[in-house]
Amino acid sequence: MTTPAVSAHYDLRQPDAHVIRDDAEAIAVAQRIAALLREGAAERDRQRRVPADVVDAFSNSGLWGITVPRSHGGAEVSFATLARVIAIVSAADPSLGQIPQNHYCLLEDIRLQGTEEQKSFFFDLVLKGHRFANALSETGGKTVVDIQTRLVAEDEGYRIDGRKGYCTGSLYAHWIGVLALDAEDRAHLAFVERGTPGLVVVDDWDSIGQRTTSSGTVIADGLRVPAFNLFPSYRSYEVPTLAGPFAQLTTAAIDAGIGRAALDDTIAFVREHARPWVDAQVEKAGDDPLTIIQIGSLEIRQEAAEALLERAGWVLDAAKPSPDEDNVAAASVAVAKAKVLTTEAAIEASNRLFELGGTRSSLARHNFDRHWRNARVHTLHDPVRWKYHLVGNWALNGIKPARHDWN
């Protein structure tokens, strides 16, 4: 007889979130929270553990509710501001910066497909500080769209059975959005409260990078969900919406943060600890002309990545009032351009850190390898080589990007 799986424990406390009122306050709070999260980030990575006080301080800051529409009491910050907030936090600790990434995407699903009653209920939870996590992807299929989790009508609600992977933030979440297919293979999103019978959170994420994202397994075993908690997410791709570009924007913002963190640590280490190469015939590593050139190149690429990220946010903001085939496609292309540079800048900066810092920068006490590990793992979210194809096909042939979560 098989022993039923038991959910991993985490100290989930009663939320008590501040409500942020506008974009300027969101940026200011992000900078304050980043200062808090930066302290201890390297040690949390080593231990693969995030104390509840840290996660609570982050979500109770109000940053997790900044995309809630003004009509429901939120700040409804611009997409450009959201990207900046995520990048600021991710520069401090990209694992914690990634935890609310899918939370924001789930709120966008509610905005796009929820009834007014559903919006009122779930947006109110978010403003109070409840954290949402995803159970969307699966690891066993031929491609990322091969979903086996099923949704079956039962009694006055539904039953869900399946196994999910890459469930970022699931250990820390109060609610989990579970993606399942109905009898017609249409995707629905079910919001399920932690502790619901049949919902099992397995804390088994063991990647080399983004170690504390809790991107492990979620199991739905005879999980019953009331009809009120179900959202027809398939509709977000039947017509033009910003669901795909929105998801990509938040992902690119995390990579921008990783790149900035790696570059900042490179500059600080070169200034304070690195030695100049003997042939440079200078007193300090910071006066080595070849090092100066490399730092200049990294800074230019990082700022270019951040500029394209901000521009992509503006393109989404312009499309939001009235999304159509053309402006949604333009948003996808704009985000793809940003995704290319944020990916490449993060990987290059986290690699150059060791070249410019020298052997002593590789010592375990610095844990600088976390930047490369984080960059390498998080940029695997979807292949950037296909972003080049997307942009080229648009520029050369006028082909609009396919509508899905990765465009």
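## A buried aspartate

Asp56 is buried in this predicted model, with a relative accessible area of 11%. That value is under 20%, so the residue counts as buried rather than partly exposed. As for secondary structure, Asp56 sits in helix α3, which covers residues 52-60.

Which residues does Asp56 touch, once those up to four places away in sequence are set aside? They are Arg13 and Arg131. With Arg131 there is also a polar contact from side chain to side chain, at 3.0 Å.

## How the chain is divided

Stepping back to the whole chain, you will find three domains: domain 1 spans 23-131, domain 2 spans 150-234 and domain 3 spans 242-397. Between domain 2 and domain 3, the C-alpha centres are 32 Å apart.

## Where domain 2 meets domain 3

Let's look at the interface itself. On the domain 2 side, six residues are in contact with seven residues of domain 3. The size of an interface is often given as the accessible area lost when the parts come together. Here domain 2 and domain 3 bury about 500 Å² between them, and carbon and sulfur atoms account for 61% of it.

The side of domain 2 that touches domain 3 is made up of two nonpolar residues, three polar ones and one charged one. How many salt bridges does the rule find across the interface of domain 2 and domain 3? The count is zero. Polar contacts are present, though: two residue pairs make them between domain 2 and domain 3, both at pLDDT 80 or more.

Key:
Residues numbered from 1 in each chain as written. Predicted model: local features only at pLDDT ≥ 70, side-chain atom pairs only at ≥ 80, totals over all residues. Heavy atoms only, no water. Domains from an automatic or database assignment. Contact = heavy atoms within 4.5 Å. Buried area = accessible area lost by both parts, 1.4 Å probe. Salt bridge = Lys/Arg side-chain N within 4 Å of Asp/Glu carboxyl O. Polar contact = N/O pair within 3.5 Å; in protein donor to acceptor, adjacent residues only side chain to side chain. Nonpolar A, V, L, I, M, F, W, Y, C, P; charged D, E, K, R; others polar. Helix = DSSP H or I, 4+ residues; strand = E, 2+ residues; numbered from the N terminus. Buried < 20%, exposed > 50% of the residue type's maximum accessible area, 1.4 Å probe, protein only.
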